[in-house]
Amino acid sequence: MNLANCNYDELIMSYLDGRTTSEEALALLSWIAESESNQAYFDSFKDVWRLTAFDIPQQVEIDAALDSVNAKIDTIEETAGAKIVGMPWVSKNYKYVSGIAAAVVVALFLGFLVRKPFTPSVMMASSQWTEETPYELPDGTKVSFEGEANISHPKQFADAQRAVSFDGKAFFDVAKEETRPFVIHCGGLEVEVLGTTFLLEAGKTSDIYRLDLYTGKVRMTADGREAEAIEVAPGERGVFNTADKSLKLMSYAEVKEDELKTDRVLDFNNVPLPVIVETLEYLFNVEIVLGEGLENERITARFTDEDPVDEVLETIAEVFGRDVESQGEGRYILR
């Protein structure tokens, strides 16, 4: 890989800004390690990033902005031992470039470089971080990976936002901070939370990303289209279609019906017993009558269509100290 076939300027900007995916960051770090010139190029880029701290006015005066950039470069050149590698878009020669080209350059420079100081990134794969030993982020957020997954984050989060890049499937237990939202970037999807627990499935090669919310509230935005953002409540599922970049909100009932059509697995978490009964009736094509007092009960349980309905009902009856009676022709009574 070299600069001839890859835009490393843009990739370095994204990396310094903490916006690269783990795959992009790995590609950049591999390129840096290829040669001393690549390392010097990156170091020079980083030096300009660190030293550029002028404010962005409402109307950017091109010449003044370029003078400010050039002054920063002069400062680096005068620093003892500093080694400068020519970067085409950060060069004193811009003084002689046409106004249109200069405007584009300054817009890119101001938009991407001036925003934040350099923050080293951390890439973490999923191999050893499970439900038993979750991976802990700098703010105390815990991530339990399921299968192949990767997360990339700064060593220390910024003051205004806690941003990470994610690929794969994992359960998130986000540390609550009222003034600093937690934001997950998954391709064209952005997930914003304050403090909550949810299961996120967002593999790079998947056609559909899914977020199942357990507690709190989550806001999902596709491709930066704020007007089309959705808010997910506990028990609901947010779905992102990677093909058309669309979002869909599914209710609890729709989620369970979807699970019946796909995995045929029912995972109930403190759910009212009447809701479970309705689902079992749909799954097994039976009729179930609840005895007195059971309509207000709740249960946490996991069933599949491979479990015989008799055994499922006997398990439920045992939990509540009741009996189950089969009346034939697919009719059962929990007494």
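Q: Where does Glu329 lie?
A: In this predicted model, Glu329 sits in the loop between strand 17 (324-326) and strand 18 (331-334). Its phi is positive, about 55 degrees, although Glu329 is not a glycine.

Q: Why is Glu329 called exposed rather than buried?
A: Glu329 has a relative accessible area of 87%. The label "exposed" needs a value over 50%, so Glu329 qualifies as exposed.

Q: What makes Asp223 partly exposed?
A: The relative accessible area of Asp223 is 44%. Buried would need under 20% and exposed over 50%, so Asp223 lands in between and counts as partly exposed. You'll find Asp223 in the loop between strand 10 and strand 11, and although it isn't a glycine, its phi is positive at about 55 degrees.

Q: How do you know that Asp139 and Arg162 form a salt bridge?
A: Look at the closest N and O atoms of Asp139 and Arg162: they are 2.5 Å apart. The cut-off is 4 Å between a Lys or Arg side-chain nitrogen and an Asp or Glu carboxyl oxygen, so the pair passes. Asp139 belongs to the loop between strand 2 (135-136) and strand 3 (142-145) and Arg162 to strand 5 (residues 162-173), so the bridge ties together parts that are 23 residues apart in sequence. Both Asp139 and Arg162 are buried.

Q: Why does Arg162 count as buried?
A: Arg162 has a relative accessible area of 0%. Buried means under 20%, so Arg162 is buried.

Q: What makes Glu177 and Arg162 a salt bridge?
A: Their closest N and O atoms are 3.9 Å apart. The limit is within 4 Å, so Glu177 and Arg162 count as a salt bridge. This pair links distant parts of the chain, 15 residues apart, with Glu177 in the loop between strand 5 and strand 6 (182-186) and Arg162 in strand 5.

Q: Is Glu177 buried or partly exposed, and what is the reason?
A: At 21% relative accessibility, Glu177 is partly exposed, because buried requires under 20%.

Q: Which salt bridge do Glu177 and Arg180 form, and at what N to O distance?
A: The side chains of Glu177 and Arg180 meet at 2.9 Å, N to O. Arg180 is buried, its relative accessible area being 15%. Shared partners then join Asp139, Arg162, Glu177 and Arg180 into one network of salt bridges. Twelve salt bridges are present in the structure.

Q: Which residues have the most contacts inside the largest nonpolar core?
A: They are Phe166, Phe172, Ile184 and Phe198, in a core of 31 residues. Elements giving two or more residues to this core include strand 3, strand 6 and strand 9 (208-215). Strand 5 supplies the largest share, four residues.

Q: What makes helix 1 mostly covered?
A: Eight of the nine residues in helix 1 (residues 8-16) are buried, among them Tyr8, Asp9 and Leu11.

Q: Which residues form a negative surface patch?
A: Asp310, Glu311, Glu314 and Glu318 do. Glu314 belongs to helix 8 (residues 309-319). With 47% relative accessibility, Glu314 is partly exposed.

Notes: Residues numbered from 1 in each chain as written. Predicted model: local features only at pLDDT ≥ 70, side-chain atom pairs only at ≥ 80, totals over all residues. Heavy atoms only, no water. Patch = residues over 30% accessible without salt bridge, like charges linked within 9 Å, V, L, I, M, F, W, Y side chains within 5 Å. Areas by Shrake-Rupley, 256 points an atom, 1.4 Å probe, with all protein chains shown as cover. Lys, Arg positive; Asp, Glu negative; His and termini not counted. Charge placed at Lys NZ, Arg CZ, Asp CG, Glu CD. Buried < 20%, exposed > 50% of the residue type's maximum accessible area, 1.4 Å probe, protein only. Core = buried A, V, L, I, M, F, W, Y, C linked by side-chain atoms within 4.5 Å.
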